[in-house]
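The explanation below leads through them in turn.

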Amino acid sequence: MSDAGGRQFGFGIVGTGVISATHAAAIDPIPGACLVAATDLVPERAREFAAKHDCAAEPTLDALLARDDVDVVAVCVPSGLHAEVGVPAARAGKHLVVEKPIDVSLAAADQLIEAADAAGVALTVISQHRFDPGLVELRRLIDAGALGRLLLGEASTKWFRSQAYYDSGPWRGTWALDGGSLMNQGIHYADLLRWSMGPVAEVNAVWTTGNHDVEVEDTALAVLRFTSGAVGTLVSSTVVYPGFAQRLEVSGTGGTVVIEDGSIASSELTDDAARLGLRGTRLPRPAAEPGAAANAAALGVSSHSAQIADLLAAVDEGRSPAITGRDGRDTLELVLAVYESAREGRPVTLTGAAR
């Protein structure tokens, strides 16, 4: 679809569970974007979603993909079905917004990336926190050299999920379709840690399932060695009541920046950086959006909107999105390495560390 003001993009949402409402709300304020259709394996759920969001309800994925007014498909099905939905969508010529993680196996991730490449469609995997104000500023400081040589990075997701959360869908808490606290909740800050510190060379990890009747872990801890020589830690849990801010700390020879829920909580830089006017910078924290630490449905949408808008701009400009399918694959590889290390009780080397 197009008009004199520029290209218009019609969106179709596949899967109308909890996260679909976030995608609908994120699409709404983007100029030139419109939600036109949704589908779900449970037709009644799709109809209820469509009525609420003023779009069409399609009975099947094939029916949604056959619509000429659907240019972009948002894949909001359980994680282990992302490639199963995304591959045919790509082959139908639809650009893709895939919820995190890209899938739960590297083989499935590769299938999805290859299908998008072969079809010439754009693919982005949701890692919306890269667009949070604090992360944008952190990345600016790193790129400007204000933090010097990076030495230590720490990412922490200490959230709470009840047993009722896991019981709310038969796919939740399974290896085949979901993964545990790190794959589902902690993957965002795992991505931010890798994005800030660079590729991970080696992982040493442990996990436990301490407070939920699930087959996956509800707490994971890992010690990381980055290819740069820096080290770090990664913690993710859904047993920490009542749930706390996600936290990222990056320290280098030039100072330390601490992020909490996407905002800079502290930024302290050394005298060397003071000559750039950066010493002791304490940036104001914007008003917090509703947190997801205790409630899976309480997600703000501004950063989702920013990432989706970047995908549309990438299509218009003939470039790759800021966050690509390969970025999603790299983060998945890190998560799977944590799982492998914990399962086998040994260090794991990441094969993609050189990328």
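Predicted model: local features only at pLDDT ≥ 70, side-chain atom pairs only at ≥ 80, totals over all residues.

Residues are numbered from 1 along each chain as its sequence is written, and side-chain values use heavy atoms, with hydrogens and water left out. Helices (H or I, at least four residues) and strands (E, at least two) are DSSP runs, numbered from the N terminus. Two strands pair if DSSP finds at least two bridges between them.

The description begins with the sheet. An open sheet of 8 strands runs in the order β15-β14-β13-β9-β12-β11-β10-β16, and its pairing is mixed. β15 (263–269) and β16 (348–349) stand at the edges with a single partner strand each, so one side of each is left without a neighbour in the sheet. Within the sheet, β9 pairs with β12 in the parallel sense over 7 bridges, and Lys158 stands opposite Ser237 in β12. With β13, β9 pairs in the antiparallel sense over 6 bridges; here Ser156 has Arg247 of β13 as its bridge partner. Strand β13 (residues 247–252) is in turn joined by 6 bridges to the antiparallel strand β14 (residues 255–260), where Arg247 stands opposite Glu260.

Two helices lie across this sheet. Helix α8 (residues 181–197) lies across β9 (150–158), β10 (200–208), β11 (219–226), β12 (231–237), β13 and β14, and runs at about 160 degrees to β9. Helix α11 (residues 325–344) lies across β10, β11, β12 and β16, at about 55 degrees to β10. Axes are lines fitted to C-alpha atoms, for helices over the stretch in contact, and angles run from 0 to 180 degrees between N-to-C directions.

Helix α11 also packs against helix α5 (residues 106–119), at an angle of about 175 degrees and with the axes 10 Å apart. α5 and α11 are therefore roughly antiparallel to each other. Angles over 145 degrees count as roughly antiparallel, under 35 as roughly parallel, 65 to 115 as roughly perpendicular and the rest as oblique. In contact (heavy atoms within 4.5 Å) are Leu106, Ala109, Asp110, Ile113 and Asp117 of α5 with Gly325, Arg326, Arg329, Leu332, Glu333 and Leu336 of α11. By class, this contact has 5 nonpolar, 1 polar and 5 charged residues. Ala, Val, Leu, Ile, Met, Phe, Trp, Tyr, Cys and Pro count as nonpolar, Asp, Glu, Lys and Arg as charged, and the others, Gly among them, as polar.

The axes of helix α4 (residues 82–91) and α5 come within 9 Å and cross at roughly 10 degrees; α4 and α5 are therefore roughly parallel to each other. His82, Ala83, Gly86, Val87 and Ala90 of α4 make the contact with Ala108, Gln111, Leu112, Ala115, Ala116 and Ala119 of α5. The contact of α4 with α5 has 8 nonpolar, 3 polar and no charged residues.

On a 1 Å grid over the protein atoms alone, a cavity is a set of points where a 1.4 Å probe fits but cannot get out, a pocket is an open set with protein on both sides within 12 Å along at least five of seven lines, and lining residues have an atom within 4 Å of a point. Grid points are joined across faces, edges and corners, and a volume is the space filled by probe spheres set on the points. The structure holds 1 cavity of 30 Å³ or more, and the largest cavity has a volume of about 90 Å³. Of the 14 residues that line the largest cavity, Lys100, Val125, Ile126, Ser127 and Thr331 lie nearest its centre. α8 and α11 each supply at least two residues of this lining.

The second largest pocket holds about 240 Å³ of space. Its lining has 17 residues, with Val121, Ala122, Leu123, Ser320 and Pro321 nearest the centre. α5, α10 (302–317) and α11 each supply at least two lining residues.

The backbone remains to be described. Most residues other than glycine have a negative phi, and most peptide bonds are trans. A cis peptide bond joins Lys100 and Pro101, with omega about -15 degrees, and Pro101 lies in the loop between β7 (95–98) and α5. The peptide bond from Tyr241 to Pro242 is also cis, with omega near 0 degrees. Asp54 has a positive phi, near 55 degrees.
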